[in-house]
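Please keep the sequence and the structure in view while reading.

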Amino acid sequence: MSKTTRATQALAKAGVSFTVHTYDYDPTADRVGIQAAEALGENPARVLKTLMAEVDGKPVCVIVPSDREVSMKKLAGAFKGKSANMMKPADAERLTGFVVGGISPFGQKKQVPTAIEEQALAHDAVYMNGGQRGLQVRLSPRDVVTALKAIAAPVVA
């Protein structure tokens, strides 16, 4: 497994301090983020999942703890929209250039507006997908906000 991906290259280019962690990705896992947390021996609240959605028909990225679900109403509100829905997996792959299970908010083919669950900022470090299945990066959630120009908002159900 390569530890250099578009995501890790984007983080390095942005000057973000991070470490790379690998784990055995289980393609049969019901919840990829929970499986990653268990494999890394981490609290699921510190292992964040990257989801692609649409607010009023426009693509957005949303980052939430792996043990939580996104509230579509709160997500729409975070982007001052009326409605939100999850993006179809094939559309998410096409837009980001990453495969489902390996979607990172960093290094996407087309950067889209991003929201991170504000509770994630309470941690000194979090894990996020590093751009391929079985690869996580550990970094400061504040660096995530800065690097992605993300908004921190309450977006979980």
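Contact here means that heavy atoms lie within 4.5 Å. The model under discussion is predicted.

## Nonpolar cores

In that sense of contact, L48 touches I63, V64, P65, S66, I116, A120, V126, Y127, M128 and N129, leaving aside residues up to four places away in sequence. L48 also belongs to the largest nonpolar core, which has 23 residues. Together with L48, the residues with the most contacts inside this core are M52, I63, F106, M128, L139 and V144. At least two residues of the core come from each of α1 (6–13), β2 (48–55), β3 (58–65), α4 (89–96), β6, β7 and α5 (141–148).

Another core, of 13 residues, lies apart from the largest one; among its members are V64, V70, A76 and A153. In soluble globular proteins, nonpolar side chains tend to be buried together.

## The three-stranded sheet

An open sheet is built from three strands in the order β1-β7-β6, with antiparallel pairing. Its edges are formed by β1 (19–22) and β6 (126–129), each of which pairs on one side only. On average, and with direction ignored, neighbouring strands of this sheet are turned by 35° against each other.

On one side, β7 (residues 135–139) is joined to β1 by four bridges, the two strands running antiparallel. Within this pairing, H21 has Q136 of β7 as its bridge partner. β6 and β7 likewise pair in the antiparallel sense over four bridges, and N129 stands opposite Q136 in β7. These two strands, β6 and β7, form a hairpin with five residues between them. In the turn of that hairpin, G131 has a positive phi of about 105°.

## The five-stranded sheet

Five strands make up an open sheet with mixed pairing, in the order β4-β2-β3-β5-β8. Here the edge strands are β4 and β8, each pairing on one side only. From one strand to the next, the twist averages 35°.

Strand β5 (residues 114–117) runs parallel to β8, and three bridges join them. In β8, I151 is the residue that A115 stands opposite.

Which residues of helix α2 (residues 32–40) are buried? They are G33, I34, Q35, A36 and A37. The cover over the buried residues of α2 includes β7. Just after this helix, G41 takes a positive phi of about 70°.

Elsewhere, R6 lies over the face of F98, at 4.4 Å from the ring centre. For pairs of aromatic rings whose centres would lie within 6.5 Å, the count comes to zero.

## Two lysines with positive phi

K80 has a positive phi of about 55° although it is not a glycine. This residue lies in the loop between α3 (72–78) and β4 (84–86). Is K80 buried or exposed? K80 has a relative accessible area of 77%; exposed means over 50%, so K80 counts as exposed.

K149, also not a glycine, has a positive phi of about 55°. Its place is the loop between α5 and β8 (151–153). With a relative accessible area of 74%, K149 is exposed.

Definitions and conventions
Residues numbered from 1 in each chain as written. Predicted model: local features only at pLDDT ≥ 70, side-chain atom pairs only at ≥ 80, totals over all residues. Heavy atoms only, no water. Pairing = 2+ DSSP bridges. Axes fitted to C-alpha atoms, helices over the stretch in contact; angles between N-to-C directions. Core = buried A, V, L, I, M, F, W, Y, C linked by side-chain atoms within 4.5 Å. Buried < 20%, exposed > 50% of the residue type's maximum accessible area, 1.4 Å probe, protein only. Phe/Tyr/Trp six-rings, centres within 6.5 Å; stacked < 30°, edge-to-face > 60°. Lys NZ or Arg CZ within 6 Å of the ring centre and 35° of its normal.
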